[in-house]
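Me: Hi! I'm new to this one and would like a quick tour. Could you walk me through it?
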Amino acid sequence: MKIAFVGKGGSGKTTLSSLFVRHLAATGSPVVAVDADINQHLGAGLGLDEDVAAELPAMGARLPLIKDYLRGSNPRIASADTMIKTTPPGEGSRLLRVRENNPVYDACARPVELDGGAVRLMVTGPFTEADLGVACYHSKTGAVELCLNHLVDGRDEYVVVDMTAGSDSFASGMFTRFDMTFLVVEPTRKGVSVYRQYKEYAQDFGVALKVVGNKVRGEDDADLDFLRSEVGDDLLVTVGHSDWVRAMEKGRPPRFELLEEANKAALRTLQAAVDATYEARDWERYTRQMVHFHRKNAQSWGNERTGADLAAQIDPGYVLQESVIAPA
Ligand SMILES: Nc1ncnc2c1ncn2[C@@H]1O[C@H](COP(=O)(O)OP(=O)(O)OP(=O)(O)O)[C@@H](O)[C@H]1O
Ligand SMILES: [Mg+2]
């Protein structure tokens, strides 16, 4: 199950992603946590020391390896050089599973020990000096998109992505790659405006979107009333200020089981919403949207950049699905 946390800057995407990852790990489920934000904070949110987090291997810097592995023996993809972030898998491509070891995880994932068990953490990599002025920002988050396009995930296995809500994810199609998108919204007009924009894009593509109210004060119902009136039934649950989170930010993470009961309940609600989407998953639509955005990207910049007709990479009969490769 693929889950994205999006929202305005500072709304609590990283905080809620990391809490959700901790919750899933505590249930014993396999989890891959992905930091797809160029401002890398998920490692710290999962309790890594800053110097350890800074040393995590950047996916953006390992694109050639990722491309070469995923390309496999796909005859439609002549070389890794012509593979762009939207290049879809086809006959011969290698796929990724949540529970397996593979060269992509070897190169890009690191285990993070949590109270409940270990998760894999992958990061796109920070924005470096060398990226400034170049369109490389795309290639950074592009690595995540490429991996999602080659991922076959099953029930009870989770990929949690901490994202920005930026327009980049709309242009590339990244926003259509998830079974559930949690839009983290503070009870403010700015928070709600990001919701409106996201909702508009999401509607045309059948993206499952739920609002998670964050930093909601409970003294009176003003915050809750505001969110309800602005986002209506899209509001799934709200999270209040957490002293547990505050303690973690001070570098003193309490055991996860000590998280406030109301917040634990909120995390269970998130998981239930995710799990409920399993039966409705539609791999044909997933593949179709992947192809749609690949054509768009090929036309708008990919063909020119690579000097190839990238639409020829599309394998017309191919549908990504769970049964493509059997679990190990
Ligand atoms: N429910 C909460 N209780 C206490 N503190 C919170 C809560 N949610 C978020 N915070 C705090 O608010 C700040 C911003 O949160 P966070 O970093 O998760 O936001 P973000 O959306 O990931 O931000 P960015 O856009 O910079 O990545 C952090 O200091 C975080 O600890
Ligand atoms: Mg963040």
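Me: Let's start with the ligand. Which residues are closest to ligand 1?

Reply: Gly9, Gly12, Lys13, Thr14 and Thr15 are the closest of the 19 residues that surround ligand 1. A residue is near a molecule if its C-beta atom, placed from the backbone, lies within 6 Å of it. Bear in mind that this is a predicted model: local features need pLDDT of at least 70, side-chain atom pairs count only at pLDDT 80 or more, and totals for chains, interfaces and linings use all residues. Residues are numbered from 1 along each chain as its sequence is written, while chains are lettered from A and ligands numbered from 1 in the order in which they are written.

Me: Which elements give two or more residues to that shell?

Reply: Those are α1 (13–26) and α10 (243–249). Helices (H or I, at least four residues) and strands (E, at least two) are DSSP runs, numbered from the N terminus.

Me: And what classes of residue does the shell around ligand 1 have?

Reply: Twelve polar, five charged and two nonpolar residues. Here Ala, Val, Leu, Ile, Met, Phe, Trp, Tyr, Cys and Pro count as nonpolar, Asp, Glu, Lys and Arg as charged, and the others, Gly among them, as polar.

Me: Back to α1. Is it buried or exposed?

Reply: In α1, 13 of the 14 residues are buried, so the helix is largely enclosed by the rest of the structure. Buried means 20 or more other C-beta atoms within 10 Å of a residue's own, exposed means 12 or fewer, and partly exposed is in between, with C-beta atoms placed from the backbone.

Me: What span should α1 have?

Reply: Its 14 residues should span 20 Å at 1.5 Å a residue, and the end C-alpha atoms are 20 Å apart, which agrees. The expected span is 1.5 Å times one less than the number of residues. After α1 comes glycine 28, with a positive phi near 90 degrees.

Me: Which way do the residues of β5 point?

Reply: Tyr158, Val160 and Asp162 point one way, Val159 and Val161 the other way, and all are buried. With five of its five residues buried, β5 is largely enclosed by the rest of the structure.

Me: What about the loop between α6 and β5?

Reply: Aspartate 156 is in that loop, between α6 (136–149) and β5 (158–162). This aspartate has a positive phi of about 65 degrees although it is not a glycine, and it is partly exposed, with 15 other C-beta atoms within 10 Å. Leucine 151 is in the loop between α6 and β5 too. Leaving aside neighbours within four places in sequence, leucine 151 is in contact (C-beta atoms, placed from the backbone, within 7 Å) with Leu95, Leu96 and Val159.

Me: Last one: how many helices and strands are there in the protein?

Reply: Twelve helices and eight strands. The radius of gyration, taken over C-alpha atoms, is 19 Å, close to the 20 Å that the globule rule (2.2 Å times the number of residues to the power 0.38) gives for 328 residues, so the protein is as compact as a globular protein of that length.

Methods
Contact = placed C-beta atoms within 7 Å.
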